[in-house]
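Subject: Structure for your review

Dear colleague,

Please find the structure below, handed over for your use. The findings follow it.

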Amino acid sequence: MDTGLLILRLLVGLLVAGHGVQKVSRHLGGKGLEGGTEEFRGDGFRGGAVTALAAGGGQIGSGLLLAAGLLTPLAATGVIGVMTVALTVKWRHGLWVQNDGYEYPLVLIGTAAALAATGPGAWSLDAVLGLMPYPLWWAALALVAGLGSGLLTRLVLHRPPAAPAIAER
């Protein structure tokens with residue numbers, strides 16, 4: 001079981017962190033902070049570079065914590081939060097990723113929640129530091145706080161679409 005948790009943590013954590021690196025730099029195929037800023041503006045978010053830095057930093061930090069198995073409920077909260085924002089952006093496209101849907105963010109949310117519930121396993125910094133086992137209510141808290149922070153971010157930073165201009169007669 002510990003080997004499986006390690007593989008899962010490394011896969012998901014490093015992918016989330018890598019996605020954050022892409023938002024703020026030209027590494028890993030990213031388009032730099034300018035590209036991250038334009039991505040958020042294109043998706044209707046305010047804040048420009050600050051929003052891209054916050055999202056990228058949140059993804060890098062929570063992804064690395066998850067991969068290391070350090071402060072796992074906090075790491076899961078961060079992953080769930082940033083992926084909830086991504087889910088809200090892709091919601092209108094439906095579930096499936098081939099239609100630019102929310103399938104991938106949903107899988108990452110579910111994986112982070114599952115890791116918060118199971119714990120990171122024996123091969124983690126949480127285990128080395130004696131921080132586990134975490135009580136199960138931490139997983140519920142991570143899920144609620146992550147979903148809530150993601151939805152609050154969407155509510156506060158997303159601009160409603162402009163109403164179409166009505167041609168004067």
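Does Leu-28 count as buried or exposed, and at what relative accessibility? Leu-28 counts as exposed because its relative accessibility is 59%, where buried means under 20% relative accessible area, exposed over 50% and partly exposed in between, with a 1.4 Å probe and protein chains only.

Before the details, two remarks on conventions. The model is predicted, so local features need pLDDT of at least 70 and side-chain atom pairs count only at pLDDT 80 or more, while totals for chains, interfaces and linings use all residues. Residues are numbered from 1 along each chain as its sequence is written, and side-chain values use heavy atoms, with hydrogens and water left out.

**The loop between α1 and α2**

Leu-28 lies in the loop between α1 and α2; helices here are DSSP runs of H or I with at least four residues, numbered from the N terminus. Although Leu-28 is not a glycine, its phi is positive, at about 55°. In general, most residues other than glycine have a negative phi, and most peptide bonds are trans.

Ser-25 is found in this loop as well, between α1 (2–24) and α2 (32–42). With a relative accessibility of 15%, Ser-25 counts as buried. A polar atom of the Ser-25 side chain lies 2.9 Å from the backbone oxygen of Val-21, and the side chain of Ser-25 also reaches the backbone nitrogen of His-27 at 3.2 Å. Such a polar contact is a pair of N or O atoms within 3.5 Å; within protein, one must be able to donate a hydrogen and the other to accept it, and residues adjacent in sequence count only if both atoms are side-chain atoms. Not counting residues up to four places away in sequence, Ser-25 touches Gly-30, Lys-31, Gly-32 and Leu-33, contact meaning heavy atoms within 4.5 Å.

Arg-26 lies in the loop between α1 and α2 and, at 60% relative accessibility, counts as exposed. Leaving aside neighbours within four places in sequence, Arg-26 is in contact with Lys-31, Gly-32 and Glu-34. The Arg-26 side chain reaches the backbone oxygen of Lys-31 at 3.3 Å, and a polar contact of 3.1 Å joins the side chains of Arg-26 and Glu-34. From C-alpha to C-alpha, Arg-26 and Gly-36 are 9.9 Å apart in space and 10 residues apart in sequence.

Gly-36 is one of the buried residues of α2, together with Gly-32, Thr-37 and Phe-40. The buried residues of α2 pack against α1 and α3. Gly-44, with a positive phi near 90°, follows α2.

**Helix pairs**

Two packed helices are described by the angle between their axes and the distance between the axes. The axes of α3 (residues 48–68) and α4 (residues 72–90) come within 8 Å and cross at roughly 145°; axes are lines fitted to C-alpha atoms, for helices over the stretch in contact, and angles run from 0 to 180 degrees between N-to-C directions. This crossing of α3 and α4 is left-handed, that is, the near helix is turned anticlockwise from the far one by less than a right angle, whereas clockwise would be right-handed. By class, the contact of α3 with α4 has eight nonpolar, six polar and no charged residues. Here Ala, Val, Leu, Ile, Met, Phe, Trp, Tyr, Cys and Pro count as nonpolar, Asp, Glu, Lys and Arg as charged, and the others, Gly among them, as polar.

For α4 and α7, the axes come within 7 Å and cross at roughly 35°, and the crossing is right-handed. The residues of this contact divide into 11 nonpolar, eight polar and one charged.

The 16 residues of α5 (residues 103–118) should span 22 Å at 1.5 Å a residue, and the end C-alpha atoms are 22 Å apart, which agrees; the expected span is 1.5 Å times one less than the number of residues. Among the buried residues of α5 are Pro-105, Leu-108 and Ile-109. The buried residues of α5 pack against α1, α3, α4 and α7 (136–157).

Asp-100, in the loop between α4 and α5, has a positive phi near 65° and counts as partly exposed at 38% relative accessibility. The peptide bond from Met-132 to Pro-133 is cis, with omega near 10°, and Pro-133 is placed in the loop between α6 (125–128) and α7.

With kind regards

Methods:
Helices (H or I, at least four residues) and strands (E, at least two) are DSSP runs, numbered from the N terminus.
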